[in-house]
Amino acid sequence: MRVDYGEDADLDVDRLRDGWLPLAQEWLADAVAAQIPEPNALVLATVDADGRPATRTVLCKELGAEGVVFFTNYGSDKGTHLSRTPYASVTFPWIGIAHQLTIRGIAEKVSAETTAEYFATRPRGSQLGAWASNQSRPIDSRADLEAALADVTARFADQVVPVPPNWGGYVVRPETVEFWQGRSNRLHNRIRFTVATSTVTRLQP
């Protein structure tokens, strides 16, 4: 189960002379162009109250100068973790193009205005689902979950669905950004950009 990487041009440190963002956005665009499923999917890592890591996949809704933005229920496991330890690592695993992007930094809640603006763009079913699901909490059956959805569907019939009170976004503000590119013989390219100092460091694979 090995793959021999290395079809595209080698990643060089000069690609980061204008900062981390242009290359990150270029790689995201490459993943979209390659028709990778869910190219904006990322693996979010947090730590629980005991310092143990937890990972899950979420969708990036913005990749910009401020960092990576995603949305969730603030009472979910990830929300609870981030309330205690507001630091996260996120990885875009673009396996189909042999690229990986990892961003680590402080996680902060976005403004209520930003949350409302994004929530309004969600499909109505997703809006209702955010109300129906008490994310990460136990439930007895699938039927109970579907009943909760039916209840909120009736509650908001013929109304604009408001943002749930405990739902919103986070932005992970980059401290370090690492670019990984698959190469032959496991001699992969790894380049880390440190935001505070604009330092570019090549790492051994």
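Entry 1: I started with R142, which is exposed at a relative accessible area of 59%. I'm working from a predicted model here. I looked up the partner of R142 and got E146, in a salt bridge whose closest N and O atoms are 3.2 Å apart. E146 counts as partly exposed, at 45% relative accessibility. Both sit in helix α5 (residues 142–155), and because they are four residues apart, about one helical turn separates them.

Entry 2: How many salt bridges does a search of the whole structure find? I got nine. I picked D10 and R183 next, where the closest N and O atoms of the salt bridge are 2.8 Å apart. D10 is in the segment before α1 (21–33) and R183 is in the loop between β7 (167–181) and β8 (189–194), so this pair ties together parts 173 residues apart in sequence.

R173 lies in strand β7 and E66 in the loop between β3 (62–64) and β4, so here the parts tied together are 107 residues apart in sequence. I noted R173 as partly exposed, at 30% relative accessibility.

**Entry 3: nonpolar cores.** I asked which residues touch the most other members of the largest nonpolar core. Of its 33 residues, the answer is W20, L63, W94 and F179. I checked where the members come from: α1, β1 (41–47), β4, β5 (87–94), β6 (99–109), β7 and β8 each supply at least two residues of this core. α1 gives the most, with six residues. I also listed what L63 touches, leaving out residues up to four places away in sequence: W20, L21, A24, Q25, L28, V68 and I103. Apart from this core I found another, of 13 residues, among them F71, V110, F156 and V171.

**Entry 4: helix α1.** Since α1 kept turning up, I checked its length. Its 13 residues, at 1.5 Å a residue, should span 18 Å, and the end C-alpha atoms are 18 Å apart, which agrees. Which residues of α1 are buried? I wrote down L21, L23, A24, W27, L28 and A31. What covers these buried residues includes β3, β5, β6 and β7. After α1 comes Q35, and I noted its positive phi, near 60 degrees.

**Entry 5: a buried asparagine.** Last stop was N73, which I located in strand β4 (residues 67–73). N73 has a relative accessible area of 10%, and since the cut-off for buried is under 20%, N73 counts as buried. What does N73 touch, not counting residues up to four places away in sequence? I got G79, S133, Q135, N166 and W167. With N166 there is also a polar contact between the two side chains, at 3.5 Å.

How values were computed: Residues numbered from 1 in each chain as written. Predicted model: local features only at pLDDT ≥ 70, side-chain atom pairs only at ≥ 80, totals over all residues. Heavy atoms only, no water. Buried < 20%, exposed > 50% of the residue type's maximum accessible area, 1.4 Å probe, protein only. Polar contact = N/O pair within 3.5 Å; in protein donor to acceptor, adjacent residues only side chain to side chain. Contact = heavy atoms within 4.5 Å. Salt bridge = Lys/Arg side-chain N within 4 Å of Asp/Glu carboxyl O. Core = buried A, V, L, I, M, F, W, Y, C linked by side-chain atoms within 4.5 Å. Expected span 1.5 Å × (residues − 1).
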